Amino acid sequence: VFENCTVGAKYVETMIVGGSSTVGGFVSFAEDCDLTFKNCVNYADVAAQSGDKSTGAYTGGFIGNTEYANVVIANCVNGVYGETFVQSNGSAAAGFIGNAYGNITITDSVNYSRAITKGKENWAPTAAGIIGLFANDSAQTHVLNLKGVKNYGDLETLDQWYQGAGGIIGNAKSWNGVKSYIYIEDTANY
């Protein structure tokens, strides 16, 4: 549980949380776990500088990548409007979670960071305000709940191939007939 935690400082000139593949402001990769954020803030830029095709390049203001994780984000803020960014040179960049395979609940939270993707051929790069990619695998159903979530961050896709952008969710997929469910209430992209 992360409670009342902060990464970076609102008035510091530059702070970057960076890496070469999967990067998150608080957590890079969460697998098969329960993870909760309450009243947390990320003021830092978050950037995956190069993508490794075997692992993807997922970047999120809070979490880069989740697999089979149960995640709750409540009353949290990512970024400072017009000043911070979340960037991926591979698959997905988003305000809160780059790649989400699991059960995700986000409530009463706001993203201000700009999401930027500079993807590679056949990677289907996606920039999104809240979740870059939400999907299941071939064996398990996942659920995404968004309530009272706002995105004020701009979206940029700097790619000559496929370019995707979504104010709230960049891309949602189900594999091999196993369905995932998305519930959205009182949520907006500005």
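Five strands form an open sheet in the order 4-9-13-17-22, with parallel pairing, where strands are DSSP runs of E of at least two residues, numbered from the N terminus, and two strands pair if DSSP finds at least two bridges between them. At the edges lie strand 4 (23-24) and strand 22 (164-166), each of which pairs on one side only. Strand 4 runs parallel to strand 9 (residues 58-60) and is joined to strand 9 by two bridges, with valine 23 standing opposite threonine 59 of strand 9.

This is a predicted model, in which local features need pLDDT of at least 70 and side-chain atom pairs count only at pLDDT 80 or more, while totals for chains, interfaces and linings use all residues. Residues are numbered from 1 along each chain as its sequence is written, and side-chain values use heavy atoms, leaving out hydrogens and water.

With a disulfide defined as a pair of cysteine sulfur atoms within 2.5 Å, the count comes to zero. Two cysteines that are in no disulfide are listed here.

| Cysteine | Nearest cysteine sulfur | Distance |
|---|---|---|
| Cysteine 5 | Cysteine 40 | 4.6 Å |
| Cysteine 76 | Cysteine 40 | 4.7 Å |

Cysteine 5 is partly exposed at a relative accessible area of 25%, whereas cysteine 76 is buried at 1%; buried means under 20%, exposed over 50%, and partly exposed in between, using a 1.4 Å probe and protein chains only.

Lysine 118 is placed in the loop between strand 16 (114-117) and strand 17 (126-128), and is partly exposed, at 36% relative accessibility. Leaving aside neighbours within four places in sequence, lysine 118 is in contact with Gln87, Ser88, Asn89, Gly90 and Leu158, contact meaning heavy atoms within 4.5 Å. The C-alpha atoms of lysine 118 and glutamate 156, which are 38 residues apart along the chain, are separated by 8.6 Å.

Notes. Helices (H or I, at least four residues) and strands (E, at least two) are DSSP runs, numbered from the N terminus.
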